[in-house]
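Me: I'm new to this one. Can you walk me through a few parts of it?

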Amino acid sequence: MMSKQTPKTRNRQFADRMNGPPGMGSNEKAKNFKKTWSQLLRYCKSYLPVILTALILASLSAVFVVIGPDKIKDMTNEIQNGLPALINGVPIVGAIDMSIIISIGTMLIFLYAGSAIFGLIESYIMATITAKISKNMRSDISRKINKIPFKYFDKTSYGDVISRVTNDVDAIGQTLNQSLDQLVRAITLFAGSMIMMLITNWIMALTAIGASVIGFVLMIAIMSKSQKYFAEQQQGLGNINGHIEEIYSGHNIVKAYNGGKNAKKTFEHFNHSLYDSGWKSQFLSGLMMPLMMFIGNFGYVAVCVVGAILAMNGTIPFAVIIAFMIYIRLFTQPLTQMAQSMQQLQRTAAASERVFEFLAEEELTDESQKLQKLENIQGNVEFKHVHFGYEPDKPVINDFSAKIDAGQKIAIVGPTGAGKTTIVNLLMRFYEIDNGEICIDNTPTYQVTRENVHEQFCMVLQDTWLFEGTIKENIIYSKQGITDEEVITVCKTVGIHHFIRTLPNGYNTILNDQTNLSAGQKQLLTIARAMIQNAPLLILDEATSSVDTRTEKIVQEAMDKLTHGRTSFVIAHRLSTIRNADMILVMKDGDIIENGNHTELLKKGGFYAELYNSQFEQHDQ
């Protein structure tokens, strides 16, 4: 039911996240930015005192740096006062008061050492806190995934959810760890250096600010131009990644249909667009550093010229010029940091919006108050006038009723889209029915918890899901207290024990990309997993559709052993596999149109007979 997203769709979604939906004005973007950051601050409220402490330390670290040039000015003045005697060749003892020089130097050491220590403590605090926040976010998302209805994933790709857990949370953590304190430090340096310049000499302060304004205007112009190219670059990356993913996942089809030329043509188009936007964005962003160097150097020149004039007039001592040359660097450098930090804050706002949007999704209803439990059930199942639709106005199941006795093997057949898998989803309470009841041993499933319902079933699906772990871990999965002897017995029963013994590490062989298992062997492992669960109800959903005829016979024998003594629901397109079913429910357009065993349905000559005969006609041809 999950809709497939094309690269264009993914790119459009990315652009919407970065720039807002089409037609969104700057005021709306600003509101969204503030709203998202308010949510993030509320989420981090338990850590806010510690974060504020860290930011204060970052600010103090910057303040100590700003005070430094003023002390260097005092030291320079003291040296300058003693220079005439030395220049005239008359070494006068005490011309330069070294005690004052040492005192100022010691103070500078303490200032710069204090700045480094505060910066180190602040970095440690922020790294620790942001790691905890990122961990909490991932944990919250993980818990949320278990609480979200299946219908959410009908409209959202799994890759999008994974991106929220990884990329978006990482973006938030990176900004909180680096950009936030960098922004505070940059603002403190910027404001502090401006204040100190104005206190020291307002004429030279205005000169330094005026010289920098030209560069700032150019920097803002470049940022406004480069932003769209960065967005285009991200879109280009989305295009090319999506194309590569689709082509390589269907590499055999591309080769079989000689689609390589068209695929290469499309790739070259995306690659050229990515090159064009990437070159422009990198070139324009690359201008930032030379531009800041120009601003700094231009500021040095302006300060030196104006300072020389003022010094010649006796307005300022030479030491002021020295101090201002340091202040120029402290004044211009933070602006680049502030620009970078603001870009990171915008990225974080987009990432936070996606995370909080997911955390705010509707959850499954709370069932903690349900005390009734299904225990030691016989396996009687009844569907009573069940109605269901994935969308309210698009029913899939219409007035479905059926009664299954314990131990029966029920086959559900019908054309694609008839509602076969939907019946299983409703039986497992993956979705809630719109009307009617589903009862297990006369107990409606809605009266017990979903977890309790799931405990009554073992499943073997068409898609053989195996995770990276040992064969034994894959078979046991979440079942507790299983011994090695039980695992071996089950594998002997399904006929896969001999194969496992041939592997280098037997049951401790790690299943990963390097482990070569056939489709039938994987399916037998999932059957062994279902047998270990030993639940009273069984669901087999197209369990043999992906294997060849010979392997199908082996898998079918294993499934026959698995179904023994259990109420079984079998969904199969290969009707030859369900001849021995106790009851066959024939579905079409969400309704049961026929029911009976294989022989009875063939005698009727109805829809089932038509499906069955058409399969064998195709086989004969």
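Predicted model: local features only at pLDDT ≥ 70, side-chain atom pairs only at ≥ 80, totals over all residues.

Me: Which way do the residues of E9 point?

Reply: Leu537, Ile539 and Asp541 point one way, while Leu538 and Leu540 point the other way. In a regular strand, side chains alternate between the two faces of the sheet.

Me: What is E9 joined to?

Reply: Strand E6 (residues 457-461) is joined to E9 by 5 bridges, and the two run parallel. Strand E10 (residues 567-571) is also joined to E9 by 5 bridges, again running parallel.

Me: What stands opposite Ile539?

Reply: Met459 stands opposite Ile539, and in E10 the bridge partner of Ile539 is Phe569.

Me: Now the helices. At what angle do H15 and H17 pack?

Reply: H15 (residues 484-494) and H17 (residues 519-533) pack at about 130°, with axes 9 Å apart. The two helices are therefore oblique to each other.

Me: Left-handed or right-handed crossing?

Reply: H15 passes H17 in a right-handed crossing.

Me: Which residues meet there?

Reply: From H15 there are Glu486, Val487, Val490, Cys491, Thr493 and Val494, and they meet Leu524, Ile527, Ala528, Met531 and Ile532 of H17. The residues of this contact between H15 and H17 divide into 9 nonpolar, 1 polar and 1 charged.

Conventions:
Residues numbered from 1 in each chain as written. Heavy atoms only, no water. Axes fitted to C-alpha atoms, helices over the stretch in contact; angles between N-to-C directions. Helix = DSSP H or I, 4+ residues; strand = E, 2+ residues; numbered from the N terminus. Parallel < 35°, antiparallel > 145°, perpendicular 65-115°, else oblique. Left-handed = near helix turned anticlockwise from the far one by under 90°. Contact = heavy atoms within 4.5 Å. Nonpolar A, V, L, I, M, F, W, Y, C, P; charged D, E, K, R; others polar. Buried < 20%, exposed > 50% of the residue type's maximum accessible area, 1.4 Å probe, protein only. Pairing = 2+ DSSP bridges.
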